[in-house]
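This report concerns disulfide bonds and aromatic contacts. The sequence and structure are shown first.

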Amino acid sequence: MFSNKIKVFLLTSICLIFFFITYLDVKSSEIKVVDGDTIHLNNEKIRFSGIDTPEIKQICNKNNEIIKCGIQAKQLLINKIGKNKVKCVKEGVDRYKRILAECFVNNQSLSKYLVREGYAFAYRKYSTKYIPDENYAKKNKKGMWAMTFEYPWDYRRKN
């Protein structure tokens, strides 16, 4: 009986430790938005998992007008976060040692929001989670889907 209580205690302790390690909860004043899919929280670089946004210097074209779509993706994220609290759930670490996470504002996924607004793409190489949101944005010509653009992974390969 005593050993069962110890097992339950240890299991509960491990679960709580895991939760606190993987769950980041930071006020927006402690956040720096780097680009559309990367933020800094307490000096840790967080990369949104499963999506890809245009690079900061990346441009698009709409009706023969040059659009700074990388800047627009970053600004959309800044506006969405505003003064709200951001909560992130760690999902792993990438090869650049960035934390991979899904982050939320008011219980809404920032990744899902960016993809549905057309300023991020489902990063199919790593996840299929956001494909329905991308299909929605494409069908409704949201964001970059109303422009001529290069996928971010193609842009990076060329530049």
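Does Cys 60 count as buried, partly exposed or exposed? With a relative accessibility of 4%, Cys 60 counts as buried. The model discussed here is a predicted one.

## Disulfide bonds

The count of disulfides comes to two. One joins Cys 60 to Cys 69, with an S to S distance of 2.2 Å. The torsion about this S-S bond is about 80°, so the disulfide of Cys 60 and Cys 69 is right-handed. Cys 69 is buried, its relative accessible area being 0%.

Cys 88 and Cys 103 are also joined by a disulfide, at 2.1 Å from S to S. This link is right-handed, with 110° about the S-S bond. It connects distant parts of the chain: Cys 88 belongs to strand E8 (residues 86-93) and Cys 103 to strand E9 (residues 99-105), 15 residues apart. Both Cys 88 and Cys 103 are buried. Counting bonded cysteines along the chain, the disulfide pattern is 1-2, 3-4.

## Aromatic pairs

The structure contains 10 aromatic pairs. Among them, Trp 145 and Phe 149 are arranged edge-to-face, with 5.2 Å between centres and 90° between planes. Trp 145 is buried, at 13% relative accessible area. Tyr 151 and Trp 153 form a stacked pair, 4.9 Å centre to centre with 10° between the planes. Tyr 151 is partly exposed at 29% relative accessibility, and Trp 153 is partly exposed at 24%.

## Charges over rings

Lys 80 lies over the face of Tyr 113, 4.6 Å from the ring centre. The charged end of Arg 116 is placed over the ring of Tyr 136, at 3.8 Å from its centre.

Methods:
Residues are numbered from 1 along each chain as its sequence is written. This is a predicted model: local features need pLDDT of at least 70, side-chain atom pairs count only at pLDDT 80 or more; totals for chains, interfaces and linings use all residues. Side-chain values use heavy atoms; hydrogens and water are left out. Rings of Phe, Tyr and Trp (its six-membered ring) pair if their centres lie within 6.5 Å; planes under 30 degrees apart count as stacked, over 60 as edge-to-face and the rest as tilted. Buried means under 20% relative accessible area, exposed over 50%, partly exposed in between (1.4 Å probe, protein chains only). A charge sits over a ring if NZ of Lys or CZ of Arg is within 6 Å of the ring centre and within 35 degrees of the ring normal. A disulfide is a pair of cysteine sulfur atoms within 2.5 Å. Helices (H or I, at least four residues) and strands (E, at least two) are DSSP runs, numbered from the N terminus.
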